[in-house]
Amino acid sequence: MDSRKKTVNVLTGFVIIMLIMMQMIDHERSMAWYRFFTWITWPAVFFIAGYSVNIDQKLIQLIKQSILRYLVPYFLISILLIGSSKVIQMFGLSSLFIQPFPAIRVGVKAMLYGNGWPGTTIIWPFETGIGLSWGLLALFWGTIIIALVIKIKPLFLQIVLVALMTYGGFYVSSKMQLPWSFTSGVVVQPFMLLGYYFKDENKAWQPARATVLAGVIISWVMAHNGSYDLTVALINHWIIGTFAAMIILEAVLSIVWYIHKKLPHFSDWLIKLGKYWYVDFAVVGYITMILPIKHYLNNLVAIEWLDFVIACLVVLFIIIIIKWILTKGIGYWEKKEID
């Protein structure tokens, strides 16, 4: 496995941990830290998706693969959320679980429109959202869009087109949320383009400690200015924000490269964690909409940072168990087909 590919594989596991931390942190008490994690996590998520794009595939094959990778988990988790919400309501379990939707029709509406948060849409104001699963829709659109952009030559035109689309996406999002988190898939094109060209060994890239330092400083400064939460694709100062996010992404890549080189056992574990990362994404989306883990822990442990650590470990454990079950199931059916 070449160095860049392994770096991205390690990055995938690293990002899953960052995603869990971002979801488990108390947004109100630790707003700056939450914002900090958004700047680290979201650019890297879409960078990984861009890296995985295979331009040699026919477009129809890419669409089929993206449907299986992103849309199938999206609808499965959404339907599971709607069903769980009804069960919680029927059996009066709201003291134990979070009820994502007040009624089935509200959940179906959120699933079909695909908005992550309540907000103004092209139809009417939505009173609820589908939660973290919006990211799966953005990944689907982002993958299709970048595959089309890459077909345009030369690279300069690709960069110009991506810049124009990014501006357009942020502008539209300042007015309304388009269906299926489409604008979120548009504004992440800079990171997806970087991810795609990161595969090219002829294009120079070198990790540096100075990049790490610059990324940490910039991410902390930007965190005090606002978050890089792309749920509604709306950030403060989109040009400054996008360039800052690119620098932070370079810093994260450098950190992951050092992990890969200096901590081989840990990097191997991160690679295993990052396998089928879109499944991890879907699982975290479900857990955060249903299980009030932080509420449980607040009643047991009075120390805020300890609550946070335990909550992250619990979610990580659930992900590992579910992935183990899925892997065993897939292996069983593959073996059965061969026999």
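**Figure 1. Where the charges of the chain sit.** In this predicted model, the mean positions of the 26 positive and 16 negative charges are 4 Å apart. Lys and Arg count as positive here, Asp and Glu as negative, and His and the chain ends are not counted. Each charge is placed at NZ of Lys, CZ of Arg, CG of Asp or CD of Glu. A word on the ground rules: residues are numbered from 1 along each chain as its sequence is written, and side-chain values use heavy atoms, with hydrogens and water left out. Because the model is predicted, local features need pLDDT of at least 70 and side-chain atom pairs count only at pLDDT 80 or more, while totals for chains, interfaces and linings use all residues.

**Figure 2. The chain as a whole.** You'll find 14 helices and two strands here; these are DSSP runs numbered from the N terminus, with helices (H or I) of at least four residues and strands (E) of at least two. The C-alpha trace spans about 60 × 55 × 50 Å along its principal axes. Buried residues make up 50% of the 339 residues, where buried means under 20% relative accessible area, exposed means over 50%, and partly exposed is in between (1.4 Å probe, protein chains only). Take contacts between residues at least 6 apart in sequence: 76% of them join residues at least 24 apart, a contact being heavy atoms within 4.5 Å.

**Figure 3. Helix H8, mostly under cover.** H8 runs over residues 189-198, and nine of its 10 residues are buried. Among them are Phe191, Met192, Tyr196 and Tyr197. What lies over these buried residues? The cover includes helix H1 (3-24), helix H2 (31-51), helix H5 (134-150) and helix H10 (238-262).

**Figure 4. Phenylalanine 46 in the nonpolar core.** The largest nonpolar core has 102 residues, and Phe46 is one of those touching the most other members, along with Leu11, Ile20, Trp42, Tyr228 and Leu230. Such a core is a set of buried Ala, Val, Leu, Ile, Met, Phe, Trp, Tyr and Cys residues joined through side-chain atoms within 4.5 Å. Setting aside neighbours within four places in sequence, Phe46 is in contact with Ala138, Leu139, Val188, Phe191, Met192 and Leu230.

Figure 5. Most residues other than glycine have a negative phi, and most peptide bonds are trans. Over in the loop between H6 and H7 is tryptophan 180, not a glycine, yet with a positive phi of about 60 degrees. Serine 181 is found in the loop between H6 and H7 as well, and has a positive phi of about 50 degrees. Serine 181 is buried, at a relative accessible area of 5%.

Figure 6. Aspartate 280 is 43 residues from lysine 323 in sequence, but 7.7 Å away in space, C-alpha to C-alpha. Apart from neighbours within four places in sequence, lysine 323 is in contact with residues including Lys272, Tyr276 and Asp280. Lysine 261, in helix H10, is partly exposed, with a relative accessible area of 43%. Lysine 261 and serine 3 are 258 residues apart in sequence and 9.4 Å apart in space, C-alpha to C-alpha.
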